[in-house]
Amino acid sequence: MSRLPSLYISHGSPMTALHPGLVGERLAGLAAQLPRPRAIVMASAHWLTHQPTVGAHAQPPTIHDFGGFPQALFDLQYPAPGDPALAGEIAARLAAAGLPTALDRNRGLDHGAWVPLRFLYPQADIPVVPLAIQPLLGPAHQFALGRALAPLREQGVLVIGSGSITHNLHDWGHYQDGKEAPYVRPFIGWVEQRLQEDDTAALLDYRARAPHAAQAHPTDEHLQPLHVAMGAAGSDTLGAQRIDAGIDAGFLAMDIYRFDGHATR
């Protein structure tokens with residue numbers, strides 16, 4: 001079975017599901033390049049817990065975890081199956097790595113999961129196992145979560161962290177007519193350079209080292225899925241491929257990262 005990469009995806013606003021724009025094209029193109037996974041593990045910025053937790057629902061419901069959007073968005077469903085057996089294996093792997101983990105048999109797929117999956121795998125026929133993150137425990141903890149799951153990539157499992165490479169909702173509506181928040185490009189450029197240099201230490205300490213870190217991420221939860229994807233990459237972090245999917249609303253950078261040394265071959 002072909003080894004899969006790990007991915008970091010910027011999922012953007014829930015409205016991406018209805019108006020995917022460039023990110024929809026990029027995700028569809030990426031899926032066409034990859035071997036078909038037997039299952040997907042999705043670490044979303046919208047499932048936050050105090051301890052590691054894995055979703056073990058056999059048929060995870062579509063969660064519409066937002067308000068004030070058109071009814072058409074609430075009508076969308078992503079009826080992918082779950083994989084309780086894989087969820088149990090993930091919990092065991094995390095526990096063996098010193099990360100005691102709970103199973104949640106009721107958890108569905110929040111918009112950080114189902115919105116990008118609609119464009120990666122629109123048939124919703126690949127099992128999806130959601131994985132919570134614990135932002136209060138810091139980037140190194142998320143990296144350790146991912147590292148414990150790295151061997152699954154050899155077994156046909158696609159590990160995805162879903163967040164946003166910049167995410168400051170205080171700037172919603174402040175940038176019109178093609179204007180961009182001034183912190184966005186310096187921040188995403190710093191992340192790309194650190195990944196190209198395989199500078200894990202700097203990325204784990206991004207709040208102290210990255211330019212405009214507090215503006216790009218007033219809170220940590222939307223960047224920390226990147227650390228999960230980095231951990232799951234194992235030795236494949238060098239040569240991470242950045243896939244530019246534009247900047248939404250002038251402040252949400254939609255970068256996607258692929259970790260498998262693809263960019264160096």
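With a relative accessible area of 23%, Arg-242 is partly exposed. In this predicted model, the side chain of Arg-242 meets that of Asp-255 in a salt bridge, with 2.8 Å from N to O. Arg-242 belongs to strand β7 (residues 241-243), whereas Asp-255 sits in the loop between β9 and β10 (256-259), so the bridge ties together parts that are 13 residues apart in sequence.

Across the whole structure, the search finds 13 salt bridges. Side chains of opposite charge can pair when their charged atoms come close. One of the bridges joins Asp-220 to Arg-207, again at 2.8 Å from N to O. Here too, distant parts of the chain are linked: Asp-220 is in the loop between α9 (213-216) and α10 (224-232), and Arg-207 is in helix α8 (residues 206-209), 13 residues away. Arg-207 has a relative accessible area of 36%, which means that this residue counts as partly exposed. Another bridge brings together the side chains of Asp-110 and Arg-107, at 2.9 Å from N to O. Asp-110 is buried, with 3% relative accessibility, and Arg-107 is buried as well, with a relative accessible area of 16%.

Helix α6 (184-196) is worth a look in the viewer. Its 13 residues reach 18 Å from the first C-alpha to the last, close to the 18 Å expected at 1.5 Å a residue. The buried residues of α6 are Val-184, Phe-187, Ile-188, Trp-190, Val-191, Arg-194 and Leu-195. Seen down the helix axis, these buried residues fall within an arc of 155°, so they line one face of α6.

Just after α6, the backbone takes a positive phi of about 55° at Asp-198, a residue other than glycine. Asp-198 is found in the loop that leads from α6 to α7 (200-204), and its relative accessible area of 32% makes it partly exposed. A positive phi, near 60°, also occurs at Ala-249, which is likewise not a glycine. Ala-249 lies in the loop between β8 (247-248) and β9 (252-253). With 31% relative accessibility, Ala-249 counts as partly exposed.

Turning to the aromatic residues, the structure holds 5 aromatic pairs. In one of them, the ring centres of Phe-66 and Phe-69 are 5.5 Å apart and the ring planes stand at 80°, so the pair is edge-to-face; the cut-off for this class is an angle over 60 degrees. Phe-66 is buried at 15% relative accessibility, whereas Phe-69, at 27%, counts as partly exposed. Together with Phe-74, these two residues form one aromatic cluster.

Key: Residues are numbered from 1 along each chain as its sequence is written. This is a predicted model: local features need pLDDT of at least 70, side-chain atom pairs count only at pLDDT 80 or more; totals for chains, interfaces and linings use all residues. Side-chain values use heavy atoms; hydrogens and water are left out. Rings of Phe, Tyr and Trp (its six-membered ring) pair if their centres lie within 6.5 Å; planes under 30 degrees apart count as stacked, over 60 as edge-to-face and the rest as tilted. Buried means under 20% relative accessible area, exposed over 50%, partly exposed in between (1.4 Å probe, protein chains only). Helices (H or I, at least four residues) and strands (E, at least two) are DSSP runs, numbered from the N terminus. A salt bridge is a side-chain nitrogen of Lys or Arg within 4 Å of a carboxyl oxygen of Asp or Glu. The expected span of a helix is 1.5 Å times one less than its number of residues. The arc is that of the directions from the helix axis to the C-beta atoms.
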